[in-house]
Amino acid sequence: MLRTEQLSLAYGDKPVVDNISLAIPEGGITCLLGPNGSGKSTLLKSFAGLLPARAGKVYLDNRPVEQWDRRRLALRLAMLPQKPIVPDGIKVRDLVALGRFPHRKWWQRNLTTDDNATLNAMAMTGVSDLAERPVESLSGGQQQRVWIAMALAQETDILLLDEPTTFLDWGYQLEVLELLSTLNREHGLTVVMSLHDLNQAAQFADRIAVLADGQLDTIGSPGEVITETLINRVFRVHATVNLGRDGRPFCSGFAESAKDNPPANDHDRVHVTVQSEIS
Amino acid sequence: MTHPATTPPRSGRRWSHLPGTGPVARLLLTGGLCLVLVAVAGVQLGAVDLTWSQVWAGLTGDSSEHVQRVVFELRLPRTLTGALIGIHFALSGWLLQLLSRNPLAEAGILGISAGASLVAVIAFIIGDWMVSSADPYNNTSFALQYLPLFAMVGGLVTALAVYFLGMRHGNLSPVKMTLTGAVIAGMLHALTTGALAFWGHAHTELVAQWLAGSLYGAQWQHLRTLLPWTLIGLVGVALLIRPLDVMQLDDQHARTLGLGLNRWRAFALLIATLLAASAVGVVGPVGFVGLLIPHISRRLAGANLPVQLVLCVLLGAVLAVLADLLGRTLFTPYEVPVGVVSAILGVPFFLYLLSRQP
């Protein structure tokens with residue numbers, strides 16, 4: 001379905017993504033990892049056909065995305081930006097209903113099928129009770145679920161998310177990731193998202209692609225990708241990687257700048273948390 | 001999932017209430033009633049106050065020549081023209097605020113009115129120089145017919161310039177657009193004043209009055225010139241309702257929903273400019289209506305764009321007619337231009353709304 005071939009992207013003269021070829025597995029959760037400025041967001045935007053390629057191509061169903069009609073593309077692929085803008089005073093129900101936009105021509109009004117899709121999306125994300133509340137009045141975690149509901153109302157088979165956990169506290173982060181995982185398992189939604197947290201990627205992803213300086217460093221299952229050498233090479237972190245009971249890797253580490261004089265106490269404390277998390 | 005899925009209540013959908021009972025219907029009825037009241041007052045009150053029966057007699061042509069003249073040739077066209085320019089400026093501001101996601105956007109602030117004024121003033125001066133009639137009032141009819149067109153050229157050029165200068169990395173930056181607009185508006189104002197000072201001696205007074213945004217001397221002719229543009233604007237706005245809903249989102253987000261953003265944004269900008277510039281061409285730049293009325297409508301209607309739109313039409317007309325009515329009755333025999341009164345009336349109300357913002 002979604003794949004890139006020798007894709008290079010740039011903002012003006014500044015190259016951001018360099019010669020990346022990868023395929024997104026259908027019905028899986030793919031995480032993009034990499035340091036700030038490694039090209040994760042840019043790559044996601046190009047998946048959605050938002051950036052013209054400098055070289056190479058993004059294909060959806062073997063057809064370059066730039067050849068897709070915008071509206072048809074919107075029926076296959078939904079995207080949630082990192083910091084979406086909440087329209088002034090909008091209620092949850094009306095925001096979620098915006099996801100139905102590509103299903104109607106611009107002169108048509110929403111039909112019952114659209115209302116049902118909206119209600120369904122709110123039920124799946126657990127925001128039905130908030131339907132009449134203004135979106136601004138909700139907590140960060142609730143808002144993020146509303147945005148995901150809007151993307152689900154779009155009824156696409158692919159969902160792209162740009163750092164969906166960045167502005168949330170830990171509990172909400174896990175809630176959002178668990179929601180995406182459920183949607184993936186129960187509805188076969190293909191999820192592609194960029195994340196910052198290696199452990200969360202290891203916990204939820206089927207496939208991880210690591211970017212470094214705009215190039216694809218490694219791609220594979222969490223067990224193949226999250227290794228001490230990779231973390232050291234890409235993130236400049238000295239890490240200890242353990243395998244959890246579910247066979248997924250779990251890591252902790254300290255920054256390279258602390259190499260000569262590691263903060264022993266902090267390091268120990270991290271290990272204690274790791275232990276309690278695994279056993 | 002942490003929350004169990006429940007069946008939400010079916011109430012609260014747009015337009016789901018019985019006609020005349022819901023809060024939306026009440027809002028629109030109140031707005032409509034206000035418009036009727038100020039329109040009646042606009043015809044009734046003035047230098048000579050008339051009674052209801054006199055107004056009715058004047059409208060049906062069953063009265064003295066004097067009353068008929070006052071009602072039919074002076075006050076009625078003036079009130080209706082006032083209502084139309086209120087609608088023009090309010091809808092223009094509403095579109096500009098939505099398309100740029102900027103609550104400060106308005107034809108005056110973005111320089112569109114200033115561009116329209118400059119070209120209209122230049123056209124007026126050149127027309128006057130070419131015809132060079134001894135009596136300037138004889139060729140105002142010639143000028144009036146074409147002034148909206150000239151004003152639109154000026155408005156469109158300015159709007160395009162502000163729009164493209166407001167882009168950053170291929171996306172519209174609301175802050176950059178507002179700043180650019182304010183700077184360009186200042187420059188165009190200076191040029192207009194300059195043009196007037198150098199070449200406009202003969203009619204400085206007439207043009208200065210026009211530049212303050214005045215309904216003084218508005219006749220049926222003004223209404224006829226304006227009405228086609230009102231209709232074009234209303235049709236355009238109706239076509240834009242659904243795309244505008246999505247335009248409130250982040251640019252790239254809107255694109256991933258399948259919106260041809262550049263095309264629709266250009267169309268919205270075109271309609272907003274046509275509305276504002278045609279009104280400027282007829283009565284001169286009237287500020288604040290375009291800023292205040294969309295805000296008030298949004299506050300009253302919430303995020304429901306169709307209701308916001310209807311409220312903009314009703315309240316825009318109310319504010320302009322009311323401002324003109326006060327402007328010509330409070331200090332008779334002197335007239336305060338409608339633009340000045342709408343600012344004096346609207347700004348305190350606006351500040352009050354802002355202070356109540358949660």
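Two residues are taken to be in contact if their C-beta atoms, placed from the backbone, lie within 7 Å. By this criterion, 34 residues of chain A are in contact with 27 residues of chain B. The model is predicted: local features need pLDDT of at least 70, side-chain atom pairs count only at pLDDT 80 or more, and totals for chains, interfaces and linings use all residues. Residues are numbered from 1 along each chain as its sequence is written, while chains are lettered from A and ligands numbered from 1 in the order in which they are written.

Several elements build the side of chain A that touches chain B. Helices and strands are DSSP runs, numbered from the N terminus (helices: H or I, at least four residues; strands: E, at least two). Those giving two or more residues to this side are helix H2 (70–74), strand S6 (77–80), helix H4 (112–125) and helix H6 (170–187) of chain A. H2(A) supplies the largest share, 4 residues. By class, this side of chain A has 21 nonpolar, 4 polar and 9 charged residues. Here Ala, Val, Leu, Ile, Met, Phe, Trp, Tyr, Cys and Pro count as nonpolar, Asp, Glu, Lys and Arg as charged, and the others, Gly among them, as polar.

Chain B contains 13 helices and 2 strands. Of its 358 residues, 47% are buried. A residue is buried if 20 or more other C-beta atoms lie within 10 Å of its own, exposed if 12 or fewer, and partly exposed in between. Among the contacts in chain B with a separation of 6 or more, 77% join residues 24 or more positions apart.

Helix H3 of chain B (residues 65–99) packs on helix H11 of chain B (residues 289–301) at about 70 degrees, with the axes 7 Å apart. Axes are lines fitted to C-alpha atoms, for helices over the stretch in contact, and angles run from 0 to 180 degrees between N-to-C directions. H3(B) is therefore roughly perpendicular to H11(B). Angles under 35 degrees count as roughly parallel, over 145 as roughly antiparallel, 65 to 115 as roughly perpendicular and the rest as oblique. The crossing of H3(B) and H11(B) is right-handed (the near helix is turned clockwise from the far one by less than a right angle). Residues making the contact include B:Phe89 and B:Trp94 of H3(B), and B:Leu291 and B:Pro294 of H11(B). The contact has 7 nonpolar, 5 polar and no charged residues.

H3(B) also packs on helix H12 of chain B (residues 305–329), at about 135 degrees and with the axes 7 Å apart. This makes H3(B) oblique to H12(B). The crossing is again right-handed. Among the residues in this contact are B:Ile85 and B:Phe89 of H3(B), and B:Leu315 and B:Asp324 of H12(B). By class, the contact has 14 nonpolar, 5 polar and 1 charged residues.

The largest nonpolar core has 181 residues. Such a core is a set of buried Ala, Val, Leu, Ile, Met, Phe, Trp, Tyr and Cys residues joined through C-beta atoms within 7 Å. A:Val96, A:Ala149, A:Leu160, B:Leu95 and B:Ala276 have the most contacts inside it. Beyond four places away in sequence, A:Val96 touches A:Thr118, A:Ala121, A:Met122, A:Val146, A:Ala149, A:Met150 and A:Ala153.

Most residues other than glycine have a negative phi. A:Asn19 has a positive phi of about 55 degrees. A:Asn19 lies in strand S2 of chain A (residues 14–23). A:Asn62 has a positive phi of about 65 degrees. A:Asn62 sits in the loop between strand S4 (55–60) and strand S5 (63–64) of chain A. A:Asn62 is exposed, because 7 other C-beta atoms lie within 10 Å.
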